[in-house]
Amino acid sequence: MKNKSITSRDVDFAKWYTDVVSAAHLATYSNVKGCIVIEPNGYAIWENVQKILDQMLKETGHQNVSMPMLIPENLLRKESELINGFAPEVAWVTEGGSKKLEERMCIRPTSETLFSDYYSTVIRSYRDLPKKYNQWCSVLRWEKETRPFLRSREFLWQEGHTVHETQEEAEEETKNMLAIYKKLFEEYLAIPVISGRKTEKEKFAGAEYTLTIEALMYNGVSLQSGTSHYFGQKFSKAYDISFLNRNNEMSHVYQTSWGVSTRMIGGLIMVHSDDKGLVLPPRIAPTQVMIIPIKETPKVIDVCENIADSLKQAGITVKIDRTDKSAGFKFAEAEVNGIPLRIEVGERDLEQGIITFARRDTSEKINIDYNQDIVSKVQQLLEEIQNNLYQTALHRQQELTFEAHSLDEVKDIMEHHPGFVKAMWCGDEACELKMKEIKGTKSRCILEQASPIDDHCVVCGKKAKHLVVWGIQY
RNA sequence: CGGGAAGUGGCUCAACUUGGUAGAGCACCUGGUUUGGGACCAGGUGGUUGCAGGUUCAAAUCCUGUCUUCCCGACCA
């Protein structure tokens, strides 16, 4: 049964998306353009992401720090590519109290400059290296078109910034961080991603190269979901982050940065959710199990509490819905909020010694013998739901991944059933621009390991250099 | 930033054309009856109409500006 307050996903995808965001109480609009209020249901997802990712970062030797929110203009301007890339979308602070500032400051759109400035003051020797710092914070980019989670002006993210003694070590870090993001997306968010290198046109301003993970949404539109940049010595030379190396010579550090943001919550919605509302993979769901007493008799409540206690002991997050709503309302509420597994406890079932489980992903209802090991049954089902969501998403991604050998084929795909399009590219930016004329198709990433599917560029027909995945992006 | 549409209790809308005391449904509160897929009855609370100016005896309604949201482009995580 579909939810009344949600537009159907196949009727109007954009409307469906915003309907789910508000029906599931993830976020609401504020009075500041492009700045959303992330509500408890939405923030709890972000907190889980933080918990999982933060642990992975700590395990790989990273430490958290906090940098200023303001960047003086001269500091920002030291690296010209970065400022050129971000100039159109920074916000400036020009007054403090009623006094005009001598030098204006921007609100951080990203913190390469601050980290670089800091590193330049504390690094003296190769013994100070590497430094692998991360910060959880919000940044501000003056976006023109905004959508909740996908593109807001202020958004929450983590940005890791590391400095290394050698190029090899920094490149290794760049690669490793992308692998961590891939793991976060695939194993926890149940979102399959493709990964590769950004083209020169699409890479981060100031990077030597950018690695990316790209996810495909239900409607075939792609979402850049996490990036890891290798800077070489660009910033270390601009900001003079130098040290005495093992040969007692001055040398500049090799640097990386990488980040993922609350945008992934948008991805989570657009990959898994449906016309009933939010669907959350168990491993990221703030509440994994909702127990619903059909009618609050002492016996029913007793059973609910017993189940809740044993699930809690097993580390499963569980709640009992004891509001005085009707059973049907509670079912619908658990569904719109994306609770992976619902347990329905009612007198009628109990008389037969059973309780009912309802899966959010398949809507399947399962009768469970009340005397069996409920905890392991729940664990098993949560695991199945997690896998099923991933497999379903993977299957769809594969179905929506095409190969094209001519511009006409690309056009045909993008106009009829957008998705990932694999096609050869000569490396020329003009061809990327030509591609953009087809419904805004852009290169998502260069697949570096894959074998070529053709020998000529899909646009100009000249000798091809790279196999590229193309797509329409959010 | 260009082109289009829209802002009226928390939500969906009516009243606007032709200025004259802002209405309804849902939600919310109280009491009661209910509870296996968004319960029912009765009684209530809540809005000076996004904001700021202007015209007028009188503005939700007319005019100007501005902010926000949505759609289409350009720009971007």
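Let's start with the contacts of Pro281. Pro281 touches Tyr188, Leu189, Ala190, His272, Gln386 and Leu389, leaving aside residues up to four places away in sequence. Contact here means C-beta atoms, placed from the backbone, within 7 Å. A word on the source: this is a predicted model, where local features need pLDDT of at least 70, side-chain atom pairs count only at pLDDT 80 or more, and totals for chains, interfaces and linings use all residues. Residues are numbered from 1 along each chain as its sequence is written, while chains are lettered from A and ligands numbered from 1 in the order in which they are written.

Where is Pro281 found? In the loop between helix 8 (263-272) and strand 15 (289-293). Helices (H or I, at least four residues) and strands (E, at least two) are DSSP runs, numbered from the N terminus. Pro281 counts as buried because it has 26 C-beta neighbours inside 10 Å. The cut-offs: 20 or more other C-beta atoms within 10 Å is buried, 12 or fewer is exposed, and in between is partly exposed, with C-beta atoms placed from the backbone. Now take Tyr239, 42 residues from Pro281 along the chain: 43 Å separates their C-alpha atoms.

Next, the cores. The largest nonpolar core has 93 residues, and Ile291 and Ala423 have the most contacts inside it. Such a core is a set of buried Ala, Val, Leu, Ile, Met, Phe, Trp, Tyr and Cys residues joined through C-beta atoms within 7 Å. Helix 12 (residues 374-399) gives the most to this core, seven residues. Ala423 touches Ala404, Val410, Val458, Val468 and Trp470, again not counting residues up to four places away in sequence. Apart from that core lies another, of 23 residues, including Leu114 and Phe231.

Three strands form an open sheet in the order 4-6-5, with antiparallel pairing. Strands pair if DSSP finds at least two bridges between them. At the edges are strand 4 (70-72) and strand 5, each pairing on one side only. Three bridges join strand 4 to strand 6. Four bridges join strand 5 to strand 6 (residues 99-107). Cys106 in strand 6 is the bridge partner of Trp92, and Ile71 stands opposite Cys106 as well. In the hairpin of strand 5 and strand 6, two residues lie between the strands, and Gly97 takes a positive phi near 60 degrees.

On to helix 3 (residues 73-76), where Leu75 lies. Buried, partly exposed or exposed? Leu75 is partly exposed, because 17 other C-beta atoms lie within 10 Å. Leu75 touches Thr113 and Asp117, not counting residues up to four places away in sequence. Val122 is 47 residues from Leu75 along the chain, and their C-alpha atoms are separated by 17 Å.

Last, the RNA. There are 46 residues around RNA strand B, and Lys33, Ser326, Gly328, Gly346 and Arg348 come nearest. Near means a C-beta atom, placed from the backbone, within 6 Å of the strand. Which helix gives the most to this surface? Helix 10, with eight residues. Helix 1 (13-23), helix 11 (347-351) and strand 18 (354-359) are among the elements that each supply at least two. By type, the surface divides into 13 nonpolar, 15 polar and 18 charged residues. Ala, Val, Leu, Ile, Met, Phe, Trp, Tyr, Cys and Pro count as nonpolar, Asp, Glu, Lys and Arg as charged, and the others, Gly among them, as polar.

Methods:
Contact = placed C-beta atoms within 7 Å.
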